[in-house]
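Here are a few notes to read alongside the model.

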Amino acid sequence: MQILNARFALRATATNLHAWCSPRSRTATTDSKTIDYKPIRSVLVANRGEIAIRVFRACTELGIRSVAIYSEQDRLQMHRQKADESYIVGKGLPPVEAYLSIPEIIRVAKENDVDAVHPGYGLLSERSDFADAVLKAGLRFIGPSPKVVQQMGDKVAARAAAIEAKVPIVAGTDGPITTKEEALEFCKQHGLPVIFKAAFGGGGRGMRVVREMSEVASSFERASSEALGAFGNGSMFIERFIERPRHIEVQLLGDKAGNVVHLYERDCSVQRRHQKVVEIAPAPRLDPETRKRMTDCAVHLARHVGYENAGTVEFLLDDKGNFYFIEVNARLQVEHTITEEVTGIDLVQSQIRVAEGMTLPEMGLTQDKIKAEGFAIQCRVTTEDPANNFQPSTGRIEVFRSGEGMGIRLDSASTYAGAIISPYYDSLLVKVISHAQDLAASAAKMNRALREFRIRGVKTNIPFLLNVLENQKFLNGAVDTYFIDENPQLFMFKASQNRAQKILNYLGQVLVNGPATPLATNIPPSDVKPYIPPVPLAVKPPKGFKEILTEGGPEAFAKAVRQNKGLLLMDTTFRDAHQSLLATRVRTHDLLAVAPYVAHNLHNLYSLENWGGATFDVALRFLHECPWERLEDMRRMIPNVPFQMLLRGANAVGYTNYPDNVVFEFCDMAVKAGMDIFRVFDSLNYLPNLILGMEAAGKAGGVVEAAISYTGDVSDPNKKKYDLKYYLNLADELVKAGTHVLGIKDMAGLLKPQAAEMLISAIRAKHPAVPIHVHTHDTSGAGVAAMLACARAGADVVDAAVDSMSGLTSQPSLGALVASLQGTPLDTDIPLQTVSEYSAYWEQARTLYGPFECTATMKSGNADVYLNEIPGGQYTNLQFQAFSLGLGSQFEEVKKAYREANLLLGDIIKVTPSSKVVGDFAQFMVQNKLTASEITARAEELSFPKSVVEFFQGAIGIPYGGFPEPLRSKILKDMPRIEGRPGQELPPLDFTKLKQELQENYPGVTDQDVMSAAMYPQVANDFFRIRDKYGPVKHLDTKTFLVGPTVGETIEVKIERGKTLDIKTLAISDEMTAAGEREVFFELNGQLRSVFIRDDQASKEMKIHPKAVKGDKNQVGAPMPGTVLTIKVKEGDKVDKGQPIAVLSAMKMEMIVQAPRAGTIVSVAITNGQKLEGDDLICTIE
């Protein structure tokens, strides 16, 4: 109540002051006429948005009651709330027509005791019939007389008036034209180029420049259609087009006594599609004499036509100083603000006072008193996407934060979080005005203010405006109307990260629809925050083998490893351990948390295995992380320990064959991102595949660790296929091929202690200078004993996992090996206490991954691995698969079938991808209750898994001893077979072309993204889509990432150094919107935020228009929200690329939707008149 009383007291004071300054009975007499003064008590603004609010504010300052009108679609808009009163108009009419309904507006004014009507700009502001209707209703029109509005609004009459007033003009039509035939006739007579302009409106609507005769008819029709939609009349005016002009407009103000003054000029040359984007006052670098002639012409023209109130005369200025009359805008201009800033004159208040009957001298506005101080710039912030051809962006503003401060003015309307930007009206969101003593300072203020803006939920043109403001030509004031067209760099944008809002959308998605990555067990992630032992981050970590590698290269590194006295260890905790125990699901968040501890306390490791293999695929597919970013982040935090990855020979980190150039480029990129050692293997020990990987890793500058995949048992004389001679021959070939380190990859944990001693001793005897590195799994429980045997037999390095991540199908215990060798010549020189602290972290961190915990199904190791030979990394995955297929109770049968499948395939080496072939075969046998003999007997009639068929075709290479016959022939029949190395016949991949294809949907893709797409095309595309939608979810803690936050919980998300988000989940709405969405509420850094998330389950029962799937080239989506005007195709039509499919209309702009490719229309998902949202499916092409 106190606030209301204060407001009315302020109003009363303003009214009294206004009346005191201009007594109600005053009559002003001029040389020609007597002008009565009559105060205005109330003003209705026949407009919407920011201009309506601008007028309301002027009214409030003058103590005048303000009245708003609004359409049904604008019932939630801010302008109706800023007025003292507001009334709906045009109920039942379309959105724009409601504001064009003159009888409705007059009715509201008469019914609500309104004195005067202000038209704003656009809509009815230049309609003389509206001004006339206002006056005939006994109201005052705050603007020129109807006669002048009609004369100036009619571009032909305005030209005639300019000619009479001796103002320079350009050649044009004598009157409005309405047909394309008339347009063609003018163009043939006067030549090209020409410009089409709407005869009854401005603002760039219905404006087209035509330079080719073949485009005259279509351009006329399109321009006329736009003019009809914007102004209710499609008549056009044509004039010759002046090349390279500046667009200068002079602001005028006239009174009823015939006085006219100018308020200097504005430079509006920065235009796009003939619509002003950035305006400057006064015009920089304008010759003073030219300025005087131009302003004199403008004032003379206004006096000639008897102009009163505010208006603008627009000119084109060529590079020789000649200027030509364009038109008169008989209204207030959008950019009037910058004139107000440099002159200090309130144009809207001046308009009202002139309408009341005050003269300019009485208001102190004589030409000698009007000065322009400094420079002002106005930027129109619009809801348009500059990266997508400035298509309108509609929807809900999720976040709004403005830029403010000294020298900044904001004129806006719906600028708040929660505001809805509709497709029905102009896209202007906020006008930002800066003012300073010179142009450069004004531009600096504007730049700073725009950078402070945070607008989320809709796209804006702010990135484009910033590019304009930083352009040197603009800063020098040397711009013309070609400025935007000739500076393509203005359209090079750095995409807004919008990380906070995207993360909120991810959290909302998980809260509404459940986990975004499939969970394998019912064990929930724990609430624990793992304790990380402190490390002195200000101190550089101790030097390790990485320094030797960096300084001396791979050869020096291998020599240092061989000369090392104790046993070296590779820690697999960062990769193979969690692949074996936790389905490869450990996230970068938890790896980086303990990375500093590793760098400072485990610096003497041979290496840290942390990349490649399954981690690449899983990071993209399930963790929604970029594997390249993971590698770079780890390298930054662990600079002193060599990194090691698993390279599947010619298969790189995939499950298929790639062109050779892909493998070479992959290795090169990996080294540049931080990789050091490449453990290169082939799933069949097929030398051509293996050697290709070695060559690729070596050429990239990496350490080549060629690995022999181990199977069988060299200590068992009855197992003759993979005997000691076989492995020694392989070792000879790999050493001859130039390997720096020789690896033994015992992927199933089959290397018994006795066999280990035999194998390593024999290799060491033959190759005394080559370091030997042994990898195993602890499935049987004999892993520690086997690795100790290897060490004593001459191995330089063995693999181990930290204690809490060891055992079962993982690697042997790091702590057990360290303790076993303490005080011996093979002492690892790693303190057991360090291992204990490291293990304590992972013991807690492991509980975060309960949904993937292998102990849900596997309670202990099992020595039957010596029978079934299932690799450790596959064992738990196979078990999970068996449970998911309903075969959990039959897992023992699956293991037996695995052994039988392996023998059917010829007793092959089993490691990804060959192990997958055996696993698929085994599950196929169990599901179909088939024995080995039945497989052999019925092979010709059975439909085998794809991986099995491709194996027999030779897709992953040739197994040692060849393919088993006649099974191969029975399965393949007449299918093609691959002879030799599978990838050698593949043509090189065109990375440039692939990048261009990806950029069509994801403009910001990097070369690393392109490589991810080369490895896993569909998986990578899905990842890019999720990354675009949800942002850097890798920064979320693991529990939140997997199952989302709980209501009332506050989480902390560090998105980069010095930037932390505090997110509190507040509530989830029980009600759904018409689009099937639920609103989820958060508090972000103390500010209320909300997101709308479609409820996938509940919305299945609702009729919701389908969306085009991003990246699917067969689906055509709506490029912008809008209404379907015309459908150009039907089902079955054949279309060419670029052929029109449909025409949409939004924000008074028409958009032709073109076919992105040639093909046949399979389905059309839209109807004429239908309202579409962005990306709504229009049609499908095949």
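**Notes on the predicted model**

1. Now for confidence and overall layout. The mean pLDDT of the protein is 91, and 96% of its residues reach 70 or more. Residues 1–29 are the stretch to treat with care: the pLDDT there is below 50, and beyond near neighbours in sequence this stretch has 33 contacts in the model. Where pLDDT is low, the predicted coordinates should not be read in detail. The secondary structure comes to 40 helices and 44 strands, and the C-alpha trace spans about 125 × 65 × 60 Å along its principal axes. Of the 1182 residues, 59% count as buried. Among contacts with a separation of 6 or more, 70% are between residues 24 or more positions apart.

2. The largest nonpolar core has 189 residues, and Phe666 and Trp842 have the most contacts inside it. Helix H27 (residues 783–793) provides the largest share of this core, with 8 residues. Leaving out residues up to four places away in sequence, tryptophan 842 touches Thr573, Phe574, Val586, Asp590, Leu591, Val594, Val802, Ser804 and Met805.

3. Two annotated positions come next. An unreviewed UniProt entry places "active site" at Arg331. Arginine 331 sits in the loop between strand E15 (323–329) and helix H12 (336–343). Is arginine 331 buried or exposed? Arginine 331 counts as buried because its relative accessible area is 9%, under the 20% limit for that class. Its side chain makes a polar contact of 2.9 Å with the side chain of glutamate 126.

4. The other annotation, also from an unreviewed UniProt entry, is "modified residue: N6-carboxylysine" at Lys745. Lysine 745 belongs to strand E30 (residues 741–745) and is buried, at 4% relative accessibility. Apart from residues up to four places away in sequence, lysine 745 touches Leu646, Phe681, Ala707, Ile708, Ser709, Tyr710, His775 and Val911.

5. Glutamine 378, in strand E16 (residues 375–382), is buried at 0% relative accessibility. The side chains of glutamine 378 and threonine 337 make a polar contact at 2.4 Å. With neighbours within four places in sequence set aside, the residues in contact with glutamine 378 include Val277, Val278, Glu279, Lys431, Val432, Ile433 and Met446.

6. Histidine 247 lies in strand E11 (residues 246–254). Which side chain does histidine 247 join through a polar contact of 2.8 Å? The partner is glutamate 314. Histidine 247 is buried, at 9% relative accessibility. Beyond residues up to four places away in sequence, histidine 247 touches several others, among them Arg266, Asp267, Cys268, Phe315, Leu316, Ile326 and Thr481.

7. Finally, consider isoleucine 978, found in the loop between helix H36 (967–972) and helix H37 (991–999). Isoleucine 978 and lysine 197 are 781 residues apart in sequence and 67 Å apart in space, C-alpha to C-alpha.

Technical notes
Residues numbered from 1 in each chain as written. Predicted model: local features only at pLDDT ≥ 70, side-chain atom pairs only at ≥ 80, totals over all residues. Heavy atoms only, no water. UniProt positions renumbered as here; feature names shortened; annotations may be inferred. Helix = DSSP H or I, 4+ residues; strand = E, 2+ residues; numbered from the N terminus. Buried < 20%, exposed > 50% of the residue type's maximum accessible area, 1.4 Å probe, protein only. Contact = heavy atoms within 4.5 Å. pLDDT = per-residue confidence, 0-100. Polar contact = N/O pair within 3.5 Å; in protein donor to acceptor, adjacent residues only side chain to side chain. Core = buried A, V, L, I, M, F, W, Y, C linked by side-chain atoms within 4.5 Å.
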